[in-house]
Amino acid sequence: MIISLRNMSYDELKDKISPDEKISLYSCNACIIACGVGGLEKMERLENLLKNDGYNVVGKDLISIGCQKHLIENRKTDVAKKKIYEEADVIIPLICEDGYEGISEIYANKKIIQVAKTLGVGSFTMDRGVVLNTPFKETGLDEKKEGYGLGEAAESLDLYTDFFDEESISKVEPEIISITIDGKQISAQKNRNLLKVCKDNGIEIPHLCHDDNLDKYGACRMCLVKIDGFRDLAASCCVEVAEGMNIITTDDELEANRKVILELAMASGDHNCLTCSKGVPSDFVSCQLQSLIRKYGITETQFDAGIDKKPIDDSSDVIFYDPNKCILCGKCVRACEEIAGLCNLGFINRGEKTTIVAGLNKEMKQTECVSCMACTDVCPTGALSEKVIYFSGKNWNAKRVLNS
Amino acid sequence: MIFTKSRNYEEITKKLDKNDVISVIGCSSCARVSGTGSNEVMQNLALKLMDDGYNVVEGYSINTMCTPKVFQAKLDEKVNTIITMSCSAGSSNVNQIHANKKVITTCEDIGLMEADTKERTIKIVKTYEGHGATQGQKFRMFTGEKV
């Protein structure tokens with residue numbers, strides 16, 4: 001991965017912008033996250049900080065991998081995204097110098113402020129976190145076997161390891177409201193997503209189609225809760241909390257609903273963990289569906305499976321797609337649209353024949369997929385997964401590893 | 001992404017012994033795009049080594065060897081030598097995890113690259129020492145041939 005650190009203070013950033021300018025924020029969703037400089041959460045924090053200081057932030061955009069020029073170019077014509085850039089006088093990218101090249105070339109008429117310094121190539125280790133292994137000569141750091149921790153590199157080069165004025169951000173007082181969840185009085189930030197408020201307070205509501213990096217969707221219905229005054233059950237991933245809300249997240253009826261949804265998911269495809277790459281949960285891959293099925297103690301489904309086997313797509317070098325394990329949560333479709341900005345995945349057909357396909361129902365390799373992995377990162381089952389290939393034998397035969 | 005070039009075959013074999021039990025681990029992320037870590041490149045190297053009498057017993061293709069995903073390569077217990085087909089970060093990860101094994105890397109870091117999947121090209125954006133001449137140059141995706 002590419003190692004970068006923040007290279008300016010918040011005051012230095014403010015010196016480069018004026019309150020009259022329209023600002024768009026843009027962040028890569030790859031290496032820069034591990035370096036603590038990018039990602040949706042960091043982008044939202046910078047947005048809040050700037051807005052609280054009277055700056056005009058008009059939009060923000062997360063890109064799955066910022067060094068893929070094609071993905072940045074697509075944003076110029078993407079109906080949902082182009083306005084974010086067209087409107088802006090200034091773009092602040094939370095991105096490495098590699099990604100900066102593309103955005104500064106494609107939006108050459110905009111003021112683009114580079115807030116990260118790229119130091120070299122590094123790895124994410126289990127014991128030390130992110131380590132800079134091979135620094136660029138200009139850093140003045142010598143190569144050493146154990147590499148440099150981010151703190152050590154930052155100290156040597158007078159850079160920052162934390163995000164913009166984290167202390168100042170926490171000093172900005174958000175509007176706090178009082179709500180009741182499962183009979184317990186809770187203080188929460190006004191308009192914060194209910195699912196997140198529950199998570200903040202140690203209440204885990206099961207869900208399959210929600211992802212913090214994606215827009216709210218409410219498809220899987222696993223996160224349904226009861227809210228006083230609501231006519232029907234509400235998908236907590238789509239609700240913003242308001243003063244005085246009284247919420248029930250679990251009771252016999254809600255749990256029974258969740259079990260039925262899980263049984264329907266089980267009946268909707270071939271969810272055989274023995275032949276699934278996510279069959280054995282690990283630090284790298286885990287199946288959310290399997291985890292919930294175990295949590296709810298479901299061993300069989302009362303519904304008939306009775307659907308035709310759909311063809312597996314093994315054409316991509318890096319992505320394996322088994323539509324028989326898809327629960328149609330739509331996460332991959334949204335990730336491809338919202339994060340990659342490609343819209344390369346979509347639903348086809350209706351009813352039990354509904355499935356997700358790439359391009360115009362082609363094999364993945366024939367489409368404009370750039371293997372950014374936005375889809376595999378969010379898939380809650382083994383439908384879309386990263387390939388691990390094992391080679392052996394005198395002909396060096398390749399075999400996909402089911403789980404490693 | 002990180003652009004790498006393959007080292008000469010002789011440079012690799014110089015560090016190998018016919019008694020080594022070898023596993024090859026390739027990175028299907030940046031190295032694949034650079035043309036230095038794809039399944040085909042891995043296969044070519046392994047078959048050539050086998051033809052030349054080296055004991056290559058297995059191989060793994062892993063996405064992003066620079067992360068803990070490299071643990072997904074569960075090596076045969078007889079393996080005492082690992083050939084990495086990745087950037088220096090992937091090799092460093094393997095070196096750290098398999099400190100008791102000989103680790104040989106087939107790739108050299110050239111610099112950072114921007115990929116253009118429409119054009120199927122790579123542009124070098126920032127270079128390592130000794131590779132300044134490649135700055136701004138374009139190469140074909142998946143082969144690393146100069147455009």
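**Salt bridges, chain contacts and cysteines in a predicted model**

A:D162 is partly exposed, with a relative accessibility of 37%. This residue belongs to a predicted model, in which 34 salt bridges are counted over all chains.

**Salt bridges within chain A**

- A:D162 pairs with A:R6 in a salt bridge, and their closest N and O atoms are 2.9 Å apart.
- The two residues are 156 residues apart and link distant parts of the chain: A:R6 is in strand β1 (residues 2–6), and A:D162 is in the loop between α7 (150–157) and α8 (166–171).
- A:R6 is buried, at 2% relative accessibility.
- A second salt bridge joins the side chains of A:K353 and A:D308, at 3.8 Å from N to O.
- This pair also links distant parts of chain A, 45 residues apart, with A:K353 in the loop between β15 and β16 (355–358) and A:D308 in the loop between α11 (288–295) and β14 (319–321).
- A:D308 counts as exposed, with a relative accessibility of 56%.

**Where chain A meets chain B**

- Contacts involve 48 residues of chain A and 47 residues of chain B.
- About 4200 Å² is buried between the two chains, and carbon and sulfur atoms give 57% of that area.
- B:K126 and A:E97 form a salt bridge through their side chains, at 3.0 Å from N to O.
- B:K126 is in strand β7 (residues 121–127) of chain B and A:E97 is in helix α6 (residues 97–106) of chain A, so this pair joins two chains.
- B:K126 counts as buried, at 10% relative accessibility.
- Another salt bridge brings together the side chains of A:K137 and B:E129, at 3.5 Å from N to O.
- A:K69, A:E101, A:E105 and B:K123 belong to one network, joined by salt bridges that share partners.

**Cysteines**

- The closest cysteine sulfur to that of A:C237 is in A:C238, and the distance of 3.7 Å is too far for a bond.
- A:C237 is buried, at 2% relative accessibility.
- For A:C326 the closest cysteine sulfur is in A:C332, and at 6.0 Å this is also too far for a bond.
- A:C326 is buried as well, at 11% relative accessibility.

- A:F347 is in strand β15 (residues 345–348) of chain A, and its relative accessible area of 36% makes it partly exposed.

Conventions: Residues numbered from 1 in each chain as written. Chains lettered and ligands numbered in written order. Predicted model: local features only at pLDDT ≥ 70, side-chain atom pairs only at ≥ 80, totals over all residues. Heavy atoms only, no water. Disulfide = S-S within 2.5 Å. Buried < 20%, exposed > 50% of the residue type's maximum accessible area, 1.4 Å probe, protein only. Helix = DSSP H or I, 4+ residues; strand = E, 2+ residues; numbered from the N terminus. Contact = heavy atoms within 4.5 Å. Buried area = accessible area lost by both parts, 1.4 Å probe. Salt bridge = Lys/Arg side-chain N within 4 Å of Asp/Glu carboxyl O.
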